[in-house]
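Here are my notes on the model you sent. They are numbered so that you can check each point against the structure as you read.

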Amino acid sequence: MLVNTYLEVNGINWLFPGLEGALERGVSLTLVSRELEEGGASFRAIERLVKAAEECEERLNVYDYYQPRPDSNKPLYTLHSKLLISDEDTAYLWSANFTRHGFSENLEVGVVLEAKKVDQLCSLL
């Protein structure tokens with residue numbers, strides 16, 4: 001499971017080889033982000049990944065965790081977390097968005113979680 005708030009083409013390109021390789025190995029990938037409407041910036045960021053998944057028998061599940069208020073463009077609820085759960089024993093929680101700035105210009109921080117902490121994290125999801 002991969003959870004990230006802001007996606008850009010340049011940011012996803014940093015991760016694409018690893019994500020594509022996982023799909024080719026038969027790994028199911030769940031991506032949770034926000035504002036993934038077709039044609040939007042976040043959707044353009046994952047288009048290449050969606051196409052790669054189609055070639056790998058649809059092992060990609062994408063969820064948009066964002067709902068605008070009916071009376072404004074402000075969110076009723078949205079997502080801000082950044083998380084990667086690779087398996088039952090390992091997860092990575094961090095501050096960076098999947099953007100050029102998040103990977104190359106900002107000072108970001110992250111922590112690897114293992115075993116019991118991953119179980120606790122998964123129970124929240």
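1. Threonine 99 has contacts with Tyr6, Glu8 and Gly11, once residues up to four places away in sequence are set aside. Keep in mind throughout that the model is predicted. Threonine 99 sits in the loop that runs between β7 and α3. With a relative accessible area of 10%, threonine 99 counts as buried, because the cut-off for buried is under 20%.

2. A polar atom of its side chain lies 2.9 Å from the backbone nitrogen of glycine 102. Serine 42 is 57 residues away from threonine 99 in sequence, and their C-alpha atoms are 10 Å apart in space.

3. Asparagine 97 belongs to the loop between β7 and α3, and threonine 99 lies in that loop too. Is asparagine 97 buried or exposed? Its relative accessible area is 19%, so asparagine 97 is buried, the limit being under 20%. The value is worth checking by eye in the structure.

4. The side chain of asparagine 97 has a polar contact of 3.5 Å with the side chain of lysine 82. Leaving out neighbours within four places in sequence, the residues in contact with asparagine 97 are Asn4, Thr5, Tyr6, Lys82, Gly102 and Phe103. Tyr6 is also touched by threonine 99.

5. Arginine 100 is placed in helix α3. It is partly exposed, because its relative accessible area of 36% falls between the 20% and 50% limits. Which residues does arginine 100 touch, not counting those up to four places away in sequence? They are Glu8, Asn10, Gly11 and Glu105. With glutamate 105 there is a polar contact between side chains, at 2.3 Å. Valine 9 is 91 residues from arginine 100 along the chain, yet their C-alpha atoms are separated by 8.5 Å.

6. Please look at the backbone of two residues. Glutamate 35, in the loop between β2 and α2, has a phi near 55°, which is positive although the residue is not glycine. Alanine 115, in the loop between β8 (110-114) and α4 (116-124), also has a positive phi, near 45°, and is likewise a residue other than glycine. Glutamate 35 is partly exposed at 28% relative accessibility, and alanine 115 is partly exposed at 41%.

7. The largest nonpolar core has 19 residues. Those with the most contacts inside it are Leu2, Leu7, Leu23, Leu29, Leu49, Leu60 and Phe98. Two or more residues come from each of α1 (9-24), β2 (29-33) and α2 (41-55). Which element gives the largest share of this core? It is α2, with five residues.

8. Apart from neighbours within four places in sequence, leucine 49 is in contact with Phe16, Leu19, Leu23, Leu29 and Leu60. There is also a second, separate core of nine residues, and Val32, Leu79, Ile85 and Ala91 are among them.

9. The largest pocket holds about 410 Å³ of space. It is lined by 22 residues, of which Met1, Leu2, Leu19, Leu84 and Trp94 are the closest to its centre. The elements that supply two or more lining residues are α1, β2, β6 (83-85) and β7 (90-94). With four residues, α1 gives the most. By class, the lining has 15 nonpolar, five polar and two charged residues.

10. The second largest pocket has about 150 Å³ of space. Its lining consists of Met1, Val3, Val32, Tyr65, Leu79, Ser81, Leu83, Leu93, Leu121 and Leu125. How many of these lining residues are nonpolar, polar and charged? Nine are nonpolar, one is polar and none is charged. Met1 is on this list and is also among the residues closest to the centre of the largest pocket.

How values were computed: Residues are numbered from 1 along each chain as its sequence is written. This is a predicted model: local features need pLDDT of at least 70, side-chain atom pairs count only at pLDDT 80 or more; totals for chains, interfaces and linings use all residues. Side-chain values use heavy atoms; hydrogens and water are left out. A nonpolar core is a set of buried Ala, Val, Leu, Ile, Met, Phe, Trp, Tyr and Cys residues joined through side-chain atoms within 4.5 Å. Buried means under 20% relative accessible area, exposed over 50%, partly exposed in between (1.4 Å probe, protein chains only). Contact means heavy atoms within 4.5 Å. On a 1 Å grid over the protein atoms alone, a cavity is a set of points where a 1.4 Å probe fits but cannot get out, and a pocket is an open set with protein on both sides within 12 Å along at least five of seven lines; lining residues have an atom within 4 Å of a point. Grid points are joined across faces, edges and corners, and a volume is the space filled by probe spheres set on the points. Ala, Val, Leu, Ile, Met, Phe, Trp, Tyr, Cys and Pro count as nonpolar, Asp, Glu, Lys and Arg as charged, and the others, Gly among them, as polar. A polar contact is a pair of N or O atoms within 3.5 Å; within protein, one must be able to donate a hydrogen and the other to accept it, and residues adjacent in sequence count only if both atoms are side-chain atoms.
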